[in-house]
Amino acid sequence: MKSYRFLFLLLIAVLCWNLVCAKSGYGPGEQDWGFLDVRPGGHMFYWLYYTAADVANYTERPLALWLQGGPGASSTGRGNFEEFGPLDVHDNERNWTWVKDMNVLFIDNPLGSGFSYVDNITLLPSKNSEIAEDSLEFMKLFYERHREFEDVPLHIFSQSYGGKMAPEFALELYEAVQREEIRSNLKSVTLGSPWTSPMDSVFAWAPLMLNMGIIDKDGYNKIMEAVERISEYIENDEWNLAYKQWVNTSYIALNASENINFYNILKYLQEEDVNSEETTDNQQNNQTLYSLMNGPVKKALGIEEHIKWGSQKSDIFVELSSDFLKPVIDIVSELLSNTDVKVSVISGQLDLICATAGAVNWIEKLQWSYRKEYVSAPRNSIRIDNNIEGYEKSGGNFTMYWVNRAGHMIPADNPNAMSYILKQITNYG
């Protein structure tokens with residue numbers, strides 16, 4: 001009898017090893033988390049939430065993968081607790097969590113973000129291509145650990161600098177699938193509040209602030225003069241100097257506007273927010289999140305004491321400074337031209353850092369076979385409960401979504417519009 005019990009327990013252990021059985025983590029629902037070594041000395045952290053939908057098996061619902069911005073911002077903290085995870089930073093259950101409709105995978109990516117870490121600072125990535133290679137390796141290891149997700153529709157969602165990381169990652173993943181190096185049912189990549197073409201975003205700052213009455217003509221001229229200097233450095237291939245000038249331009253914009261919040265132009269920053277390396281929508285909210293992640297969350301997930309979570313890690317930001325302003329428009333064009341992956345862009349009307357006008361400008365530069373179809377397509381309103389929540393326009397496998405009453409953090413600012421967009425992209429939401 002004991003031998004049968006032993007065999008039964010052994011069978012369960014083997015199944016859990018192959019499928020990584022769901023477990024209780026922090027907050028409601030079944031979860032999984034851990035570190036995957038994407039290369040020697042590079043430990044990438046993920047946090048998976050199994051869907052809370054009323055289904056016989058969670059594999060009946062798609063897998064949404066979330067990449068945060070920064071670079072160096074934490075997906076497992078900021079995207080999770082500040083935007084659309086099951087709980088907010090005050091441990092309140094969130095009504096609009098994506099987990100109610102689909103499986104959600106938060107990744108602290110690139111290495112050095114959130115709980116992810118490297119054994120030596122020299123191992124931090126310095127190029128977007130290196131981030132994409134690490135991301136591909138992560139997915140290979142993730143699917144080895146979670147074979148059940150190999151055939152589940154995968155939708156990559158991103159925000160801000162994630163709009164640079166996601167296209168190249170998606171292209172790498174697609175090509176690896178074609179080479180039969182990995183099994184993945186990649187369906188879409190969504191660029192939210194995207195830093196896809198940084199200079200298009202930066203050139204949109206001053207016009208937006210001027211037209212909204214946030215600055216006057218003098219402020220406009222000072223900002224545009226500073227932006228032109230960034231452009232000159234880029235033309236001379238001086239990317240480090242361009243980055244430093246971008247930092248300087250940010251402060252000029254802050255001074256001209258008396259500390260406008262770059263994430264939402266209806267808000268302003270306090271002095272402590274401006275001078276903090278941990279720049280977020282709200283400094284008090286950020287301190288609460290920091291305490292949460294390095295306290296109860298860290299304890300519940302059993303993360304070793306020497307690993308410190310950070311909302312925005314400055315080391316990775318600095319390491320990527322020479323790559324920071326380089327666009328990836330060509331990669332988005334390649335995705336549209338040479339793959340069947342659906343590409344979407346989402347932009348909030350109150351966002352300054354990645355202003356809508358900048359997104360519209362770089363989208364006009366895209367080259368793919370359905371470009372004319374997109375240009376001539378109607379722009380339709382998104383109406384929910386008699387409110388216009390935004391607009392949408394599609395051509396071929398590309399869609400642009402304009403979101404009203406939303407800044408940089410669209411899932412949190414306008415969950416009604418985001419729910420509609422989720423359903424359009426994944427068929428759930």
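**Reading the fold and one residue**

Author: Let us begin with secondary structure. This is a predicted model, and its protein chain contains 16 helices and twelve strands. The radius of gyration is 21 Å, close to the 22 Å that the globule rule gives for 429 residues, so the chain is as compact as a globular protein of that length.

Reader: What does the C-alpha trace span along its principal axes?

Author: The spans are about 85 × 50 × 45 Å.

Reader: How should I read burial, and what percentage of the residues is buried?

Author: A residue counts as buried when its relative accessible area is under 20%. Of the 429 residues in this chain, 58% are buried. The chain exposes about 18500 Å², of which carbon and sulfur atoms supply 48%.

Reader: Which share of the contacts with a separation of 6 or more joins residues 24 or more positions apart?

Author: Such pairs account for 70% of those contacts.

Reader: How many positive and negative side chains are there?

Author: There are 35 positive and 57 negative side chains. The centres of the two sets lie 4 Å apart.

Reader: How far apart are Ser-419 and Asp-237 in sequence and in space?

Author: They are separated by 182 residues in sequence and by 41 Å in space, C-alpha to C-alpha.

Definitions and conventions: Residues are numbered from 1 along each chain as its sequence is written. This is a predicted model: local features need pLDDT of at least 70, side-chain atom pairs count only at pLDDT 80 or more; totals for chains, interfaces and linings use all residues. Side-chain values use heavy atoms; hydrogens and water are left out. Helices (H or I, at least four residues) and strands (E, at least two) are DSSP runs, numbered from the N terminus. The radius of gyration is taken over C-alpha atoms; the globule rule is 2.2 Å times the number of residues to the power 0.38. Buried means under 20% relative accessible area, exposed over 50%, partly exposed in between (1.4 Å probe, protein chains only). Contact means heavy atoms within 4.5 Å. Accessible areas come from the Shrake-Rupley method with a 1.4 Å probe; for residues, only the protein chains shown count as cover. Lys and Arg count as positive and Asp and Glu as negative; His and the chain ends are not counted. The place of a charge is taken as NZ of Lys, CZ of Arg, CG of Asp or CD of Glu.
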